[in-house]
Amino acid sequence: QVQLVESGGGLVQPGGSLRLSCGASGAIFSINVMGWFRQAPGKERELVAFINSSGGTNYADSVKGRFTISRDNTKNTVYLQMNSLKLEDTAVYYCNAHIVTTSRYDRDYWGEGTLVTVSS
């Protein structure tokens, strides 16, 4: 059994900052790519950023220069530092990780999501 648990969402004013965290726990052998997706009301889920096990990163154009993804492999945790937040960043943010379990099953796992609301 593997779980991803997010934290750090909340209400913030435009221009503000938030830091999201997502920890993976359970029968983990290794974690490859970890990332963040988001889904705004009435829209499809979209990729925000991802980071591979070596620290290589990729960002959606809409967040480049404002968001930073990082990970702590010793804690099986991925972070998303969000700065200069805009109204359009309002969404439920989901953590995703490609995990190999101790039984050598290889699949994607998702967190339950954390709500980020940017509002004045």
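Trainee: By the salt-bridge rule, how many salt bridges does the count come to?

Mentor: The rule asks for a side-chain nitrogen of Lys or Arg within 4 Å of a carboxyl oxygen of Asp or Glu. By that rule the count comes to 4 salt bridges. Keep in mind that this is a predicted model, where local features need pLDDT of at least 70, side-chain atom pairs count only at pLDDT 80 or more, and totals for chains, interfaces and linings use all residues. Residues are numbered from 1 along each chain as its sequence is written, and side-chain values use heavy atoms, with hydrogens and water left out.

Trainee: Among contacts between residues at least 6 apart in sequence, what percentage join residues at least 24 apart?

Mentor: A contact means heavy atoms within 4.5 Å. In this protein the share is 56%.

Trainee: And how much of the protein do buried residues make up?

Mentor: Buried means under 20% relative accessible area, exposed over 50%, and partly exposed in between (1.4 Å probe, protein chains only). Buried residues make up 40% of the 120 residues.

Trainee: Back to the salt bridges: which side chain does Asp89 meet at 2.9 Å, N to O?

Mentor: The general idea is that side chains of opposite charge can pair when their charged atoms come close. In this case Asp89 meets Arg38 in a salt bridge. The pair links distant parts of the chain, 51 residues apart: Arg38 sits in strand E4 (residues 28-39), Asp89 in the loop between strand E8 (77-82) and strand E9 (91-101). Both residues are buried.

Trainee: Which residue forms a salt bridge with Asp89 at 2.7 Å between the closest N and O atoms?

Mentor: That's Arg66. Arg66 lies in the loop between strand E6 (57-59) and strand E7 (67-72), and Asp89 in the loop between E8 and E9, so the pair ties together parts 23 residues apart in sequence. Arg66 counts as buried at 10% relative accessibility, and Asp89 does too, at 0%. Salt bridges that share partners join Arg38, Glu46, Arg66 and Asp89 into one network.

Trainee: How about Lys64: which residue is its salt-bridge partner?

Mentor: Asp61, with the closest N and O atoms 3.1 Å apart. Lys64 is partly exposed, with a relative accessible area of 49%, while Asp61 is exposed at 65%.

Trainee: Now the backbone: what is phi of Asn76 near?

Mentor: Look for a positive phi in a residue other than glycine; for Asn76 the value is near 50°. Asn76 lies in the loop between E7 and E8 and counts as partly exposed at 24% relative accessibility.

Trainee: Where is the place of Ser84?

Mentor: In the loop between E8 and E9. Phi of Ser84 is also positive, near 50°, and the residue counts as partly exposed at 41% relative accessibility.

How values were computed. Helix = DSSP H or I, 4+ residues; strand = E, 2+ residues; numbered from the N terminus.
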